[in-house]
Amino acid sequence: MAATGDPRLAGGIAFTYPDFGVYEVARFLIVASLEMQSVAVGWQVYEITKRPLDLGLVGLAQFLPGILLFLVTGHAADRFDRRKLLMLCYCGFAVCSALLWTIALRGAHGVYSGVYSRVFPIYAVLVMLGAVRALSGPVSRALLPQLVPEQHFPNAVAWDASVFQSSTILGPAAGGLLYAFFRGPSAVYATALLTSVAALLSTMRSKTQTKAMPREEVSLTTVLAGFRYIWRKKLILGAISLDMFAVLLGGAVALLPVYAREILKTGPWGLGLLRSAPGVGAAAMAILMAHRPLRGRAGPTMLWCVAGFGVCTILFGVSRSIVFSLIMLLLIGATDMVSVIIRGTLIQLGTPDEMRGRVNAVDMLFIGVSNELGEFESGLTAHLFGTVPAVVLGGIGTLVVIAVWAWRFPELRRADQI
């Protein structure tokens, strides 16, 4: 039983529930593992092919399984024990890291001769990795509400977001340092393997009592239930679609290498700072919201913060100062995190437990679409109109989306509590 009477614990009340703490340790480890591994994959693939297009294929290889499997994985998350499914996913991540490690070792010993024979095995593992992620996303998100009582769930969401952002900051840094120090990806993949195993062992310590899942007959009706539920719940539909289109149009991160080199006239160290800034802003906001949760006007706050995201994107687009650019990126991360926490809480608490897997699978698909297509949209508009116009137009597009969604989804304007 968690202690709730001490006001000093209020900001971290979710951690007074032991299973939540175990869950977050495992989540930090697995996300850090995947992030450091992604750095190594990017460097390794580009070192082999010397083609930027192949870096895009790295993301595509991981994204396509999510499109093909999200209906099945969401249904599985609602039908089977989520803790056991999460352990299975962590085993899958460990296997993928082991395969990448093996490929790197064989490549170092000259087993692969041609360029494509060296890179195709990596893409094959990335497809497997994408399939595991397609299951782990809805399962882990659907499990979270079972770890803390409903009245403390907003605090849990804030800390969960903070842990995620911390791992996305530290993971790539660790991966880059290991790659540079050991002069290759093998040490990174070996470390990712060990970290995945540690996440699995941490999850095994959890004593979460998951509820018995209803044994629905598998049919097209049950598989598509998540879509139908979201379509009926206009508040959830508005929140999910708002984030998707705002990030789709307002994403500037894909163009940061161009800004660092061509516009801000800085080197790799500057690019590292630029890439870390949104994560730092997001983590700081998540911790702030854990200690000072929203007491009302959740919907209007979400709308205003997404509008702030668009404004900061425009200001970043026109900036010629690295200091001002860093400040704007910090604010982009912070405003986006407010939206993430509010949206996540609305979805989780507004969805029955027996539907959370399928609803979260749809939400994860929307997030994947916004991130992947957002990168493509940024690259395409930059190719057509130039880098600065692409970012500015994206920020303006985000503001237009806000206006349309505030009009079309009055439920968002009226949402008060989370």
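How are H12 and H13 oriented to each other, roughly parallel or roughly antiparallel? This is a predicted model. Two packed helices are described by the angle between their axes and the distance between the axes. Helix H12 spans residues 298–318, and helix H13 spans residues 322–349. They pack at an angle of about 155°, with their axes 8 Å apart. Angles over 145 degrees count as roughly antiparallel. H12 and H13 are therefore roughly antiparallel to each other. The crossing of H12 past H13 is left-handed.

Now follow the side chains at this contact. From H12, the residues that meet H13 include Met302, Cys305, Val306, Phe309 and Phe316. Gly308 in H12 takes part as well. H13 contributes, among them, Phe324, Met328, Leu329, Ile332 and Ile342. Asp336 and Arg343 in H13 also belong to the contact. By class, the contact of H12 with H13 holds 15 nonpolar, six polar and two charged residues.

Turn next to helix H1, residues 18–49, and helix H6, residues 186–204. Their packing angle is about 165°, and their axes lie 8 Å apart. H1 and H6 are therefore roughly antiparallel to each other. Their crossing is left-handed.

On the H1 side, the contact residues include Val22, Val25, Leu29, Ile30, Met36 and Val41. Ser33, Gln37 and Gln44 in H1 are also among them. H6 answers with residues including Val188, Tyr189, Ala192, Ala199 and Thr203. By class, the contact of H1 with H6 has 13 nonpolar and eight polar residues, with no charged residues.

Conventions: Residues are numbered from 1 along each chain as its sequence is written. This is a predicted model: local features need pLDDT of at least 70, side-chain atom pairs count only at pLDDT 80 or more; totals for chains, interfaces and linings use all residues. Side-chain values use heavy atoms; hydrogens and water are left out. Axes are lines fitted to C-alpha atoms, for helices over the stretch in contact, and angles run from 0 to 180 degrees between N-to-C directions. Helices (H or I, at least four residues) and strands (E, at least two) are DSSP runs, numbered from the N terminus. Angles under 35 degrees count as roughly parallel, over 145 as roughly antiparallel, 65 to 115 as roughly perpendicular and the rest as oblique. A crossing is left-handed if the near helix is turned anticlockwise from the far one by less than a right angle, and right-handed if clockwise. Contact means heavy atoms within 4.5 Å. Ala, Val, Leu, Ile, Met, Phe, Trp, Tyr, Cys and Pro count as nonpolar, Asp, Glu, Lys and Arg as charged, and the others, Gly among them, as polar.
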